[in-house]
Amino acid sequence: MSTKQEFLKKVSNDKGIISALAFDQRGALKRMMSKYQEGEPQVADMEKLKKLVSEELTPYASSILLDPEYGLPATEVRADDAGLLLAYEKTGYDVNAKGRLPDSLVDWSAKRIKEAGGQAVKFLLYYDVDDEAEINNQKEAYIERIGSECKAEDIPFFLEILAYDDSIADNKGPEYAKVKPHKVIEAMRVFSKERFGVDVLKVEVPVDMNYVEGFGDGEVVYTREEAAEFFRQQDQATHLPYIYLSAGVSAKLFQDTLRFAHEAGAQFNGVLCGRATWSGAVQAYIEQGEGAAREWLRTEGYNNIQELNKVLEETAVAYKENH
């Protein structure tokens, strides 16, 4: 068995499903913290929060995704059998340049991620399949480079794709919901090509569930059957293992989404779930301190992750059997 295959086993559970916790947020974490405090969030507090989540919740996850900037102390306190993925991209993107171009952490490499104990490299890419060729060409070349690095180091490459449309400012509105299936599915199709060297795709669900008949309170953009069909099309767009990201939705909506995906016939292989699991700990930590955050993680956080694990048992498919 290659190192890459061994590492894939380490980040999955014993059933071959990836039930991973995501806490590689940096800019997003600062914004969450700023809601509950005056002044700039401190590095020590960011590191502490990541450690608390890692310590309390990795016993119930197959692995955890952290960032090398604030997450390294948290790698040391994770459960013995929890695998480790490390993020390779800088947080956010240059808002003054067109195209949301990718950028990696300048003092990291796939080799260094492996040396730091990482069992997979995760890279986040913003991608609009309909953008001009010059921009998408740059992005594709960038991903080819990372794919080649991971191949050379024999370490799995998890590519996270966030679709967008430059001409639609509000990606939570009904206008974007209408184009989202095309954006998400076609991006998956592109990066499933062998030349990119991707081992696992970390993707959004192909619809905005808030606009699916029977799910949201507002406008209906897709009937249930239309939404189910998009999940099937997404599944057929790739031969690679793929896992869903929670995109900051509530724990309940994420669980309902996974059940819906499964009923539609999507053969997804797990999740990398972040805020839907741990977000409440941030407010508890800032307003009441470490003890309160631990208490929240041991009750609410624990319930969130165990509920999610239960849903995964009923819905996800072991990646070795996939497609």
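**Exercise 1. Which residue in E6 is the bridge partner of Glu160?**

Conventions come before the solution. The model is predicted: local features need pLDDT of at least 70, side-chain atom pairs count only at pLDDT 80 or more, and totals for chains, interfaces and linings use all residues. Residues are numbered from 1 along each chain as its sequence is written, and side-chain values use heavy atoms, with hydrogens and water left out.

*Solution.* 
- Step 1. Helices (H or I, at least four residues) and strands (E, at least two) are DSSP runs, numbered from the N terminus.
- Step 2. Two strands pair if DSSP finds at least two bridges between them.
- Step 3. Apply it. E5 and E6 (residues 200–203) pair in the parallel sense over 4 bridges.
- Step 4. Read off the partner. Glu160 is bridged to Lys202 in E6. Phe158 has Val200 of E6 as its bridge partner.

**Exercise 2. State in what order the strands close into a barrel, then follow the pairing from E6 to E8.**

*Solution.* 
- Step 1. The barrel has 8 strands, in the order E1-E2-E3-E4-E5-E6-E7-E8, with parallel pairing.
- Step 2. The twist from one strand to the next averages 25°. Axes here are lines fitted to C-alpha atoms, for helices over the stretch in contact, and angles run from 0 to 180 degrees between N-to-C directions.
- Step 3. E6 and E7 (residues 242–245) run parallel and are joined by 3 bridges. Leu201 has Tyr242 of E7 as its bridge partner.
- Step 4. The chain goes from E6 to E7 through helix H8 (residues 224–236), in a right-handed β-α-β crossover. Right-handed means that, with the strands pointing away from the viewer, the path from the first strand over the helix to the second runs clockwise.
- Step 5. E7 and E8 (residues 270–273) are also parallel, joined by 2 bridges. Tyr244 is bridged to Val271 in E8.
- Step 6. From E7 the chain crosses through helix H9 (residues 251–264) to E8, and this β-α-β crossover is right-handed.

**Exercise 3. Decide whether the faces of E6 and E7 are covered.**

*Solution.* 
- Step 1. Set the cut-offs. Buried means under 20% relative accessible area, exposed over 50%, partly exposed in between (1.4 Å probe, protein chains only).
- Step 2. Take E6. Val200 and Lys202 on one side are buried, and so are Leu201 and Val203 on the other. Both faces of E6 are covered.
- Step 3. The chain reaches E6 from E5 through H7, by a right-handed β-α-β crossover.
- Step 4. Take E7. Tyr242 and Tyr244 are buried on one side, Ile243 and Leu245 on the other. Both faces of E7 are covered.

**Exercise 4. Compare the span of H6 with its expected value, then sort its residues by burial.**

*Solution.* 
- Step 1. The expected span of a helix is 1.5 Å times one less than its number of residues.
- Step 2. H6 (residues 133–153) has 21 residues and reaches 30 Å from its first C-alpha to its last, close to the 30 Å expected.
- Step 3. The buried residues of H6 are Ile135, Asn136, Lys139, Glu140, Tyr142, Ile143, Ile146, Gly147, Cys150 and Glu153.
- Step 4. They lie on the same side of H6, because they cover an arc of only 160° around the axis. The arc is that of the directions from the helix axis to the C-beta atoms.
- Step 5. Recall the geometry. An α-helix has 3.6 residues a turn, so residues three or four places apart point the same way.
- Step 6. Ala133, Glu134, Asn137, Arg145, Lys151 and Ala152 are exposed on the other side of H6.
- Step 7. The cover over the buried residues of H6 includes helix H5 (110–115), strand E4 (120–127), strand E5 (157–163) and helix H7 (174–191). Contact means heavy atoms within 4.5 Å.
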